[in-house]
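Keep the 3D view open as you read.

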Amino acid sequence: MIQTRVVTDQPWEVPADVLAVPIVGAPSFTGPLDELDRRTDGELRALAAFGELGSKRYEATLAAAGDLPVSRILVVAAGPAESLDRETVVRLGATIERRLGGRSVRRLAIWLGDLPAHLEASGSNGAGSVGAALVAELLARGVVEGSYEPQAIYRDSVDDAPPAIDELTIVAPGADKAALNRAMERGRIFAEGANVARTLSNRASNDLDPIGLADEARAIAERNDLWIDVIEPDRARELGMGMFLAVGRGSDNPPRMIVMRSGGEGEKDARGRHLAIIGKGVCFDSGGISLKNPDRMEEMKMDKTGAATVIAAIETVARLAPGTPLLAVAPAVENMPGPHSTRPGDVVRALNGKVVEVNNTDAEGRLILGDAMTYAERLGATHLVDVATLTGAVARALGELVTGMFGTPQDWVGEVDSAAARAGERLWQIPLVEEYMNEMDSWYADFLNSSPVGEGSLVKSGLFLRQFAAVPWVHLDIGGTGYFRKSKPYAPRGSNGVTHATLVELALAGARPS
Ligand code: BES
Ligand code: MN
Ligand code: ZN
């Protein structure tokens, strides 16, 4: 278990195994950095002169510690000041932790250095006095996220695993200790939630099917005193969840609609909302009868990332502000071909009464989400946010670093956007061009689940979901951002927890002051 603490001493006074020193821009050896260099017998200046102190963001160099009360110094490049934002600070924390992979480090100290000043200057944060606390929170979150090792899920031992830190110390000369301690605790809890989401997402489909995911949700509900209801196929049929059942029927592993809540039924939060977060839980997406190409099909075990994210997020909210009204709905299915599968051309009735022709069984996420949205509205939700690995198209449009956002009305989109800014996550809005809906016209039904015209398929995925939004709604497509295909300095390959922090910030905006 990681203990977090704050010291207000100078960085050269703090005993630890490793002292991490973030440098914004190119190093300038003045002030405290000059003093650190002096106490390392000029090691830092010498490394810089030799060209060893890279200043590319997330480059990290281990240096000898001279007379300092630590074994090593880790100089980590924060990159250009202009683009330093909250996400960068989280990733710096994670980079520090991951750069120490395979090393024996129990006590890690991180000096804040110039980070608070630059984060404020970059406009990422308004109030000057909270700068150090904010950086402490983001760094703690980063270190704990950085300690996540997906290879440990199934392996007994992992080479170069990030070290198990017993004590993480933030070195913040002159700061308000109590405020920074609270901030670090908040950062740790955010990160632990993201890591819960990552494990649920990374787990293999033979290890985590819809029933298994519902069991995990139940365990989380029990340990956080949350209400939970798991809807099985018989009840889903009585309710009329035709789209949800159409996807689930192809697999021997039956579907589950997972519904969790903190606070009372329909209870409004401090912002007058009953917020529902809804996550796509496709425990494996083979495409169904519209079978996918085998290339990288193994990634489709992570098609449950949205569900993993909302299940983890409601736990994080419960830990930080118990009783805050919040609903989480996670439709969990396996999309498989088989004798019972939905076929292209099948016509199903959604929970909201709309009739849909399933012309492509690989456009399954929108089917299960549509019924989950309607169900959330039935339970009194006044505002919806869904998270889904919905399309490959969003990855082509925005890549692996920016999540696609859709929604209506615009002020609700704005609120989600602000929550993402607070959380240090990047979103970009995609327009819902209503005219494109014509291309999903169906001869037999109200509309198709997928357009035969490929152009604009990203917009159309949002337009489809919009048919099930009777209240303010935002859709976050993490098809590009949900998991990394290659390791980064700040994250291993696999699921990365994206949008967890945004959902938590959004829900906490409705928490009552404690
Ligand atoms: N889960 C996939 C989307 C996906 C693919 C996410 C690759 C991440 C990586 C989704 O169910 C899907 O198959 N979408 C189709 C939609 C199409 C059939 C309209 C797609 O993106 O090709
Ligand atoms: Mn699919
Ligand atoms: Zn899918």
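A pocket, here, is an open set of grid points with protein on both sides within 12 Å along at least five of seven lines. The model you are looking at is predicted.

Start with the largest pocket. Its volume is about 930 Å³. A total of 35 residues line this pocket. Look for Lys 292, Thr 391, Gly 392, Ala 393 and Arg 396, which lie nearest its centre. The largest share comes from H12, with 3 residues. What classes of residue make up the lining of the largest pocket? There are 14 charged residues, 13 polar ones and 8 nonpolar ones.

Move on to the second largest pocket. Its volume is about 460 Å³, and 20 residues line it. Nearest its centre lie Pro 150, Asn 202, Lys 301, Arg 493 and Gly 494. In this lining, 8 residues are nonpolar, 8 are charged and 4 are polar. Domain 1 (3–174) and domain 2 (199–508) each supply at least three residues to the lining of the second largest pocket.

The structure holds 3 cavities of 30 Å³ or more. The largest cavity contains about 330 Å³ of space. It is lined by 24 residues, and the closest to its centre are Arg 91, Glu 145, Glu 425, Asn 496 and Val 498. H3 makes the largest share, 4 residues. The lining of the largest cavity has 10 nonpolar, 8 charged and 6 polar residues. Where does the largest cavity lie? Both domain 1 (3–174) and domain 2 (199–508) give residues to its lining, so the cavity lies between them.

The second largest cavity holds about 80 Å³ of space. Of the 13 residues that line this cavity, Ala 246, Val 247, Asn 335, Thr 342 and Thr 361 are the closest to its centre. Its lining is made of 6 nonpolar residues, 6 polar ones and 1 charged one.

Next come the metals. Begin with the manganese ion (ligand 2). Which protein atoms are its donors? Asp 285 and Asp 362 each give a side-chain OD, Asp 362 also gives its O, and Glu 364 gives an OE. These donors lie 2.1 to 2.2 Å from the manganese ion. The angles among the 6 donor atoms run from 72 to 168°. The manganese site is irregular. Along the chain, its donors follow the spacing D-x76-D-x1-E. Two of them sit in separate parts of the fold. Asp 285 is in strand S10 (residues 281–285), while Glu 364 is in the loop between strand S13 (355–358) and helix H11 (365–378), so the pair ties together parts that are 79 residues apart in sequence. Both Asp 285 and Glu 364 are buried.

The zinc ion (ligand 3) comes next. Its protein donors are Lys 280 through NZ, Asp 285 and Asp 303 through OD, and Glu 364 through OE. They lie 2.0 to 2.4 Å from the zinc ion. Ideal angles for six octahedral donors are 90 or 180 degrees. Is the zinc site octahedral or irregular? The site is octahedral, with angles of 79 to 172° among its 6 donor atoms. The spacing of the zinc donors along the chain is K-x4-D-x17-D-x60-E.

The manganese ion (ligand 2) and the zinc ion (ligand 3) lie 3.2 Å apart, and Asp 285 bridges them. Asp 285, in strand S10, and Asp 303, in the loop between S10 and helix H10 (305–320), link distant parts of the chain, 18 residues apart. Are these two residues buried or exposed? Buried means under 20% relative accessible area. Asp 285 has a relative accessible area of 3%, so Asp 285 is buried. Asp 303 has 2%, so Asp 303 is buried too.

How values were computed: Residues are numbered from 1 along each chain as its sequence is written. Chains are lettered from A and ligands numbered from 1 in the order in which they are written. This is a predicted model: local features need pLDDT of at least 70, side-chain atom pairs count only at pLDDT 80 or more; totals for chains, interfaces and linings use all residues. Side-chain values use heavy atoms; hydrogens and water are left out. Donors are N, O and S atoms within 2.8 Å of the metal (3.2 Å for Na, K and Ca); water is not among the atoms, so sites may look incomplete. Four donors count as tetrahedral if all angles lie between 85 and 135 degrees; four count as square planar and six as octahedral if opposite donors are over 155 degrees apart and all others between 65 and 115; anything else is irregular. Helices (H or I, at least four residues) and strands (E, at least two) are DSSP runs, numbered from the N terminus. Buried means under 20% relative accessible area, exposed over 50%, partly exposed in between (1.4 Å probe, protein chains only). On a 1 Å grid over the protein atoms alone, a cavity is a set of points where a 1.4 Å probe fits but cannot get out, and a pocket is an open set with protein on both sides within 12 Å along at least five of seven lines; lining residues have an atom within 4 Å of a point. Grid points are joined across faces, edges and corners, and a volume is the space filled by probe spheres set on the points. Ala, Val, Leu, Ile, Met, Phe, Trp, Tyr, Cys and Pro count as nonpolar, Asp, Glu, Lys and Arg as charged, and the others, Gly among them, as polar. Domain bounds come from an automatic or database domain assignment.
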